[in-house]
Amino acid sequence: MITYRATLDVPRELVCHLSLLLAAERRRLGTRSGSRALTCFEQAVMGLRWFRDRTDRAALGRDHGISRATAYRYIDEVIDVLADQAPDLHHALQRAVDEGLTHLILDGTVIATDRCREKTISVKGEPIDLWYSGKAHHHGGNIQALSAPCGLPLWVSEVEPGSVHDLTAARAHVLGALYKAAADGLPTLADSGYDGAGIGILTPVKQPSDGRPLDLDTRTRNALLRALRCLGERGFALLTQRWRTLQRITASPSRIGDIVKAALVLTHFEHGYLK
């Protein structure tokens, strides 16, 4: 067995913040002092290692001198306490209005998973894998997100199976609130996958099916829209590249939503956006 030292590249302030959240959770549960295998600080370090480097949970347990089952339980607790801090849609939109944002950016992605192959019936009446995404060509969960004009993610949705279309997922989780925001002067930009989303959701005009070229004004509008909307791609990049566990989640797909929400809270802390 070879041992070596390593550095966790997250701010110490973030570890301390997570430690305080874990301490509050232990008080809520009535956990007796000294009855846990790890301190709150040590548990926070272990959880952030999992988010940052996608370290195997069994390896984390071995490194911290705890069993595999305890490591799984401790990391699940980290996920839960962080996800509880994630902003809900109402508060995210209200903060965007209060800060005077000119628009929001709506985008969706499929977070990869390799754990579940559950069958369902498609809209065409054919049997399909519920969690398989034809768009991404792998199994995963569909997550919708709203980002600021600069690309900072502001809110993420609950998870939908990978077979669910972005527009369908958006209708289930966010479009109703965005209509109200648009009526109050806060429009949303989205890609062509959200075509037909409704008033206030601005998408590029598609090429006519008969092959006729778009007129100059429409092409200019599309170019401007895409130039503004493309910054929304930064939102998921900030989440998945910083917190590598989101690149492939081996937990139950139903946990994807909580894990992404937890990563959002970590991102907000590092960017000074957490209230």
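## Cores, domains and a pocket

The largest nonpolar core has 46 residues, and the ones that touch the most other members are Leu 18, Phe 51, Leu 82, Ile 143, Leu 239, Ile 259 and Val 260. Two or more residues of this core come from each of α1 (12-29), α2, α4 (68-83), β5 (138-147), α9 (233-242) and α10 (256-270). Please keep in mind as you read that this is a predicted model.

**The nonpolar cores**

- Another core, of 24 residues, lies apart from the largest one, and its members include Leu 89, Leu 104, Leu 154 and Trp 155.

**The two domains**

- The domain assignment of the protein chain places domain 1 at 12-84 and domain 2 at 89-251.
- Between the C-alpha centres of domain 1 and domain 2 there are 32 Å.
- Where the domains meet, seven residues of domain 1 are in contact with seven residues of domain 2.

**The largest pocket**

- The largest pocket holds about 580 Å³ of space.
- Its lining is made up of 16 residues, and those nearest the centre of the pocket are Tyr 4, Arg 5, Ala 6, Arg 49 and Asp 63.
- Helices α2 (40-53) and α3 (57-63) each contribute at least two residues to this lining.
- Sorted by class, the lining of the largest pocket comprises seven nonpolar, five charged and four polar residues.

**A loop residue worth a look: Leu 231**

- You will find Leu 231 in the loop that runs between α8 (216-229) and α9.
- Is Leu 231 buried, partly exposed or exposed? Leu 231 counts as partly exposed because its relative accessible area is 39%, which falls between the cut-offs of under 20% for buried and over 50% for exposed.
- Beyond its neighbours within four places in sequence, Leu 231 is in contact with Ile 105, Pro 149 and Gly 151.
- Leu 231 and Thr 7 are 224 residues apart along the chain, and their C-alpha atoms are separated by 31 Å.

Technical notes
Residues numbered from 1 in each chain as written. Predicted model: local features only at pLDDT ≥ 70, side-chain atom pairs only at ≥ 80, totals over all residues. Heavy atoms only, no water. 1 Å grid on protein atoms, 1.4 Å probe; cavity = no way out; pocket = protein on both sides within 12 Å on 5 of 7 lines; lining within 4 Å. Points joined across faces, edges and corners; volume = space filled by probe spheres on them. Helix = DSSP H or I, 4+ residues; strand = E, 2+ residues; numbered from the N terminus. Nonpolar A, V, L, I, M, F, W, Y, C, P; charged D, E, K, R; others polar. Core = buried A, V, L, I, M, F, W, Y, C linked by side-chain atoms within 4.5 Å. Buried < 20%, exposed > 50% of the residue type's maximum accessible area, 1.4 Å probe, protein only. Domains from an automatic or database assignment. Contact = heavy atoms within 4.5 Å.
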